[in-house]
Amino acid sequence: MTRPPEPAPAARQRARVFFAIWPAAAIARRLHKEGERAHGLTGGRRMRRDTLHLTLAFIGDIPRERLDALRAAADTVAFAPFTFRVDRIARWRHNHIVWAGASGLPGELESLVTKLNAALAEGGFPVERRNFAAHVTLLRNARGELPAAELAPPIEWPVGEFVLVESDPRPEGAQYRVLQSWPGVFGSQS
């Protein structure tokens, strides 16, 4: 007996969503290349280049009728464009993830996450209580050792917008679809 095909994401009653910053193609290529290098040392499953991103706030599964309220919360978040300097790569042993990130959290990024979480909480959405760990997942199920290392040269990632993304889980890996974006505002206070 064959299973019926999965409905398209928009046809489902619930949406699995998160807010992120998404890299331009050149930045994604560089991040993917760093993942390729690390894969030679650690093994694991490489993230596809088209899925690389930095999660700002994971919402999870919500009823589709709540998407408008989620968008309205994000509409209240103003931020000034900034550059995120990705200057290190490391492996978290506890969850076997190889990631790229910054040696220090930029104030502008921290402000964006704080504002977004405040708007989400005000809108009745769940927010993460742990400290924000700015990272891009490059590999999952990495088993070999990978000492933390500096990226040379660092990746200068211009951040001019944040996005709302829907995740469509599939056996071959999640497919992501950007639902909406919010641009930074020059002159906005971080």
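Strand 1 (residues 14-21) is largely enclosed by the rest of the structure, because six of its eight residues are buried. Buried means under 20% relative accessible area, exposed means over 50%, and partly exposed lies in between, with a 1.4 Å probe and protein chains only. Strands (E, at least two residues) and helices (H or I, at least four) are DSSP runs, numbered from the N terminus.

This is a predicted model, in which local features need pLDDT of at least 70 and side-chain atom pairs count only at pLDDT 80 or more, while totals for chains, interfaces and linings use all residues. Residues are numbered from 1 along each chain as its sequence is written, and side-chain values use heavy atoms, with hydrogens and water left out.

## Exercise 1: the sheet around strand 1

Task: find which strands pair with strand 1, and over how many bridges.

Solution. 

1. Two strands pair if DSSP finds at least two bridges between them.
2. Strand 1 and strand 3 (residues 54-63) run antiparallel and are joined by eight bridges. Within this pair, Val17 stands opposite Gly60.
3. Strand 8 also pairs with strand 1 in the antiparallel sense, over four bridges. Here Val17 stands opposite Glu166.
4. The open sheet has four strands in the order 3-1-8-9, with antiparallel pairing. Strand 3 and strand 9 (175-183) are the edges; each has a single partner strand, so one side of each is left without a neighbour in the sheet.
5. On average, neighbouring strands of this sheet are turned by 25° against each other, direction ignored.

## Exercise 2: helices on that sheet

Task: state which strands helix 2 lies across and which strands helix 3 touches.

Solution. 

1. Contact means heavy atoms within 4.5 Å. Axes are lines fitted to C-alpha atoms, for helices over the stretch in contact, and angles run from 0 to 180 degrees between N-to-C directions.
2. Helix 2 (residues 67-75) lies across strand 1, strand 3, strand 8 and strand 9, and runs at about 40° to strand 9.
3. Helix 3 (residues 107-122) packs on the sheet and touches strand 1, strand 3 and strand 8. Its direction makes about 15° with that of strand 3.

## Exercise 3: Glu166

Task: is Glu166 buried or exposed, and with which side chain does its own side chain make a polar contact?

Solution. 

1. Glu166 belongs to strand 8 (residues 161-168).
2. Its relative accessible area is 3%, so Glu166 is buried.
3. A polar contact is a pair of N or O atoms within 3.5 Å; within protein, one must be able to donate a hydrogen and the other to accept it, and residues adjacent in sequence count only if both atoms are side-chain atoms.
4. The side chain of Arg64 makes such a contact with the side chain of Glu166, at 2.5 Å.

## Exercise 4: the sheet with strand 2

Task: give the strand order of the five-strand sheet and locate Arg45.

Solution. 

1. The five strands form an open sheet in the order 2-6-5-4-7, and the pairing is antiparallel. Strand 2 (45-46) and strand 7 (149-159) stand at the edges with a single partner strand each, so one side of each is left without a neighbour in the sheet.
2. Helix 1 (residues 25-42) packs on the sheet, where it touches strand 2, strand 4 (82-92), strand 5 (97-101), strand 6 and strand 7. The direction of helix 1 makes about 155° with that of strand 7.
3. Two bridges join strand 2 to strand 6 (residues 135-140), in the antiparallel sense. Arg46 has Leu139 of strand 6 as its bridge partner.
4. Arg45 is in strand 2. With a relative accessible area of 42%, Arg45 is partly exposed.
5. Apart from neighbours within four places in sequence, Arg45 is in contact with Leu138, Leu139 and Arg140.

## Exercise 5: backbone exceptions

Task: where do His96 and Asn141 lie, and which peptide bond is cis?

Solution. 

1. Most residues other than glycine have a negative phi, and most peptide bonds are trans.
2. His96 is in the loop between strand 4 and strand 5, and its phi is near 60°, a positive value.
3. Asn141 is in the loop between strand 6 and strand 7, and phi of Asn141 is also positive, near 60°.
4. The peptide bond from Ala152 to Pro153 is cis, with omega near -5°. Pro153 lies in strand 7.
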